[in-house]
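Q: Can you walk me through this one? I want the contacts and the confidence.

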Amino acid sequence: MKKSGYMDRALRASDPRFARVLGKLGYKRSDMAAQAEIQQDELTSLRAEYQRLYEKRAYHGWDAEELRAKIADKADE
């Protein structure tokens with residue numbers, strides 16, 4: 001079933017101001033929420049792997065690609 005609430009329609013609009021303002025208020029597109037949850041789970045598991053290998057916590061600003069690269073560097077050693 002497709003959601004067609006006001007917030008979903010506003011977030012899909014071609015004007016990016018809607019997405020920026022509503023995103024700051026905590027609204028997310030319904031079709032993007034599941035994908036964001038999967039990405040967050042992946043990032044959490046990568047951070048746990050980094051912490052296991054390096055025995056310190058990962059920098060919060062690193063994305064999944066950078067964490068994978070650092071984990072691969074440690075695995076090469």
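Q: How far apart are R52 and E49 in helix α3, in helical turns?
A: About one turn, because R52 and E49 sit three residues apart in helix α3. Helices here are DSSP runs of H or I, at least four residues, numbered from the N terminus. This is a predicted model: local features need pLDDT of at least 70, side-chain atom pairs count only at pLDDT 80 or more, and totals for chains, interfaces and linings use all residues. Residues are numbered from 1 along each chain as its sequence is written, and side-chain values use heavy atoms, with hydrogens and water left out.

Q: What do the side chains of R52 and E49 form?
A: A salt bridge, 2.6 Å from N to O. The term means a side-chain nitrogen of Lys or Arg within 4 Å of a carboxyl oxygen of Asp or Glu.

Q: Is R52 buried or exposed?
A: R52 is exposed, at 55% relative accessibility. E49 is partly exposed, at 28%. The cut-offs for relative accessible area are under 20% for buried, over 50% for exposed and partly exposed in between (1.4 Å probe, protein chains only).

Q: How many salt bridges does the structure hold?
A: Two. E42 and R68 also meet in a salt bridge, at 2.0 Å, N to O. That pair links distant parts of the chain, with E42 in helix α3 and R68 in helix α4, 26 residues apart. E42 is partly exposed at 32%, and R68 is partly exposed at 38%.

Q: Switching topic. Which residues make up the largest nonpolar core?
A: Eight residues: L43, L46, Y50, A58, W62, A64, L67 and I71. A nonpolar core is a set of buried Ala, Val, Leu, Ile, Met, Phe, Trp, Tyr and Cys residues joined through side-chain atoms within 4.5 Å.

Q: And W62, what is it in contact with?
A: Leaving aside neighbours within four places in sequence, W62 touches L43, R47, Y50, L67 and K70. Contact means heavy atoms within 4.5 Å.

Q: Where does V21 lie?
A: In helix α2, residues 16-24. V21 is partly exposed, with a relative accessible area of 48%.

Q: Last one, confidence. Which element has the lowest mean pLDDT?
A: Helix α1 (residues 6-11), at 71, while α4 has the highest, 91. The chain mean is 79, and 78% of its residues reach 70 or more. pLDDT is the predictor's confidence in each residue, from 0 to 100. Where it is low, the predicted coordinates should not be read in detail.

How values were computed:
Helices (H or I, at least four residues) and strands (E, at least two) are DSSP runs, numbered from the N terminus.
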